[in-house]
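Here is a short report on a few residues and their surroundings. Please keep the sequence and the model in view while reading.

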Amino acid sequence: TTTSFEVRFPLSIDVLVSKSRIVGGFDNELNITIINNGQVEVSKLELTLNVPSPLIIHGDNKWSFEYLPPGSSTSITVELYAPPTSIGSTYSGSISLSYRDDYGESHSESHPLGLIVVGWIDLIVYGQSVAPNPASPGDKISIIATVLNKGNVAAMYVNASIERSPILDLT
């Protein structure tokens, strides 16, 4: 008696997302990379990005690729907007894949996507003044400046200090 069997090579698809922290009030670029780590060619690959409201995807949320050979990868760039009201929140989305393997079988899988919406702090210093100006050796001087946060969240626990210098005696 002869027994026949079919040898099948492993199939392995990985999904990498460039970041999980996005800034509220801004368009954020996310890079999504699909990697075929298996030994089987993948064809008719469809990727769908699902994110909950209030997050907004600029453009399509679905992409198609004709084939992805073993050991190769493909990437897409997505613009995602999070409103300022979502700062401090976390959201769960998903990346869904459907594809066919070399053996003609269809596969589908879903990969979780966690996103944290953070604020943006941009401190600038302006209006610096020194009194007296000019200062002479031995003079007591005052340095005054204004610090402005141009970001969209409060900059808490900010500390301003003057670096030590051989020409200044800090008091």
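L168 is partly exposed, because its relative accessible area is 33% and partly exposed covers the range between under 20% (buried) and over 50% (exposed). The model is a predicted one. L168 sits in the segment that follows strand 11 (142-149).

Next comes T48. This residue belongs to strand 4, which spans residues 42-50. Is T48 buried or exposed? T48 counts as buried, because its relative accessibility is 17% and the cut-off for buried is under 20%. Neighbours within four places in sequence set aside, T48 touches N61, K62, S94, I95 and S96.

Now turn to D14. Its place is in strand 1, residues 13-17. D14 is partly exposed, with 32% relative accessible area. Which residues does D14 contact, apart from neighbours within four places in sequence? They are T33, I34, I35 and N37. With N37 there is a polar contact between the side chains, at 2.3 Å. P54 is another matter: 40 residues separate D14 and P54 along the chain, and their C-alpha atoms are 27 Å apart.

The table sets out the accessibility values.

| Residue | Relative accessible area | State |
|---|---|---|
| L168 | 33% | partly exposed |
| T48 | 17% | buried |
| D14 | 32% | partly exposed |

Definitions and conventions: Residues are numbered from 1 along each chain as its sequence is written. This is a predicted model: local features need pLDDT of at least 70, side-chain atom pairs count only at pLDDT 80 or more; totals for chains, interfaces and linings use all residues. Side-chain values use heavy atoms; hydrogens and water are left out. Helices (H or I, at least four residues) and strands (E, at least two) are DSSP runs, numbered from the N terminus. Buried means under 20% relative accessible area, exposed over 50%, partly exposed in between (1.4 Å probe, protein chains only). Contact means heavy atoms within 4.5 Å. A polar contact is a pair of N or O atoms within 3.5 Å; within protein, one must be able to donate a hydrogen and the other to accept it, and residues adjacent in sequence count only if both atoms are side-chain atoms.
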